[in-house]
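Notes are below, in the order I checked them.

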Amino acid sequence: MVLAGGNGYLGTVLAKYYRDLADEVIILARKQKPVDGNVHTALWDGETEAGWTVHLTGADMLINLCGKNVNCRYTEKNKREIIRSRVVPTELLGRVINKMTNPPKVWINVTSATIYRHAEDHAQDEETGEIGYGFSIDVCNIWESTFFKTDTPHTRKIALRMGIVLGHSDSVFPRLLNLVRFGLGGKQGDGQQYMAWVHEHDVARSTQWLLDHPELNGVFNCTAPEAARNTDMMQIIREAYGAPFGLPAPQWLLEAGALLIGTETELILKSRWVVPKRLLDSGFKFQYEKAEHAVHDILSIRG
């Protein structure tokens, strides 16, 4: 098991999940970390071929998680880095795998479910979903195009369009919980926008499912079957936490706040109504289909 760019939140989730299933978990990262059981770090810069390439030989699965966090202002400099941090490592991995005689059996590139348009009318799936427009969608298109254009005849390729991952230690959930704690956990904007979420454990389980089913390839959405409207998600978190009320945040306030903390309101206000049709059609069963079950699980572990 090889996790490229695996030192972040999702890489940590996957490394923990696979440490008891794989003989060895290799994290390709810019900074060395101490060996942790069968989890090892191999240094790479995401740009050049070096000693790390030996770890791809005969690997059961490579998961590429590289990419600058989009939780920033979309300045021209940040835009260039967001694209470059995704395209360059993907091209590099493609070149290396193309030349190998014993390459990884499957290569999963974690991309984004934000590739679909703002949708409040009906759900978007892999077969009939409509691609949106704007910078975030441009990034996704370039990213996936780079991934699929490389010829890897002996390596199965899957673009995993990831929803908003809900988990115990990082990503979106702790931030939403903090809003609830301080009485600010009401709806954001008009609250009608959908949140395409997925529990972190189902992310890991879906990658194992894709590994174990060699007939599956191409594009897969990785989101829970039931997206939640923003107003419903905030209510679920408030009720699970025991908060009696939550002040709403109108769009004008969100725009001011986003400017202050250096992010974009699109991350909050875009309606992502995405369904994992291909995973469901293949027989995959989500452990957390409903947002309330995921939230209760996360809160129980957080204590």
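Ground rules first. I am working on a predicted model, where local features need pLDDT of at least 70, side-chain atom pairs count only at pLDDT 80 or more, and totals for chains, interfaces and linings use all residues. Residues are numbered from 1 along each chain as its sequence is written, and side-chain values use heavy atoms, with hydrogens and water left out.

I get 32% helix and 20% strand over residues 2–221, taking helices (H or I, at least four residues) and strands (E, at least two) as DSSP runs numbered from the N terminus.

Strand β10. I checked residues 218–222 and five of the five are buried, so β10 is largely enclosed by the rest of the structure; buried means under 20% relative accessible area with a 1.4 Å probe, protein chains only. I see β10 running parallel to β6 (residues 156–162), joined by five bridges. Two strands pair if DSSP finds at least two bridges between them. Ile158 has Gly218 as its bridge partner.

Thr223. I place Thr223 in the loop between β10 and β11, and it is buried at 0% relative accessibility. A polar atom of its side chain lies 3.1 Å from the backbone oxygen of Val274. Its contacts (heavy atoms within 4.5 Å) include Ala113, Trp197 and Phe286.

Helix α5. I list Glu200, Asp202 and Leu210 among its buried residues.

Note on methods
Buried means under 20% relative accessible area, exposed over 50%, partly exposed in between (1.4 Å probe, protein chains only). A polar contact is a pair of N or O atoms within 3.5 Å; within protein, one must be able to donate a hydrogen and the other to accept it, and residues adjacent in sequence count only if both atoms are side-chain atoms. Lists of a residue's contacts leave out its neighbours within four places in sequence.
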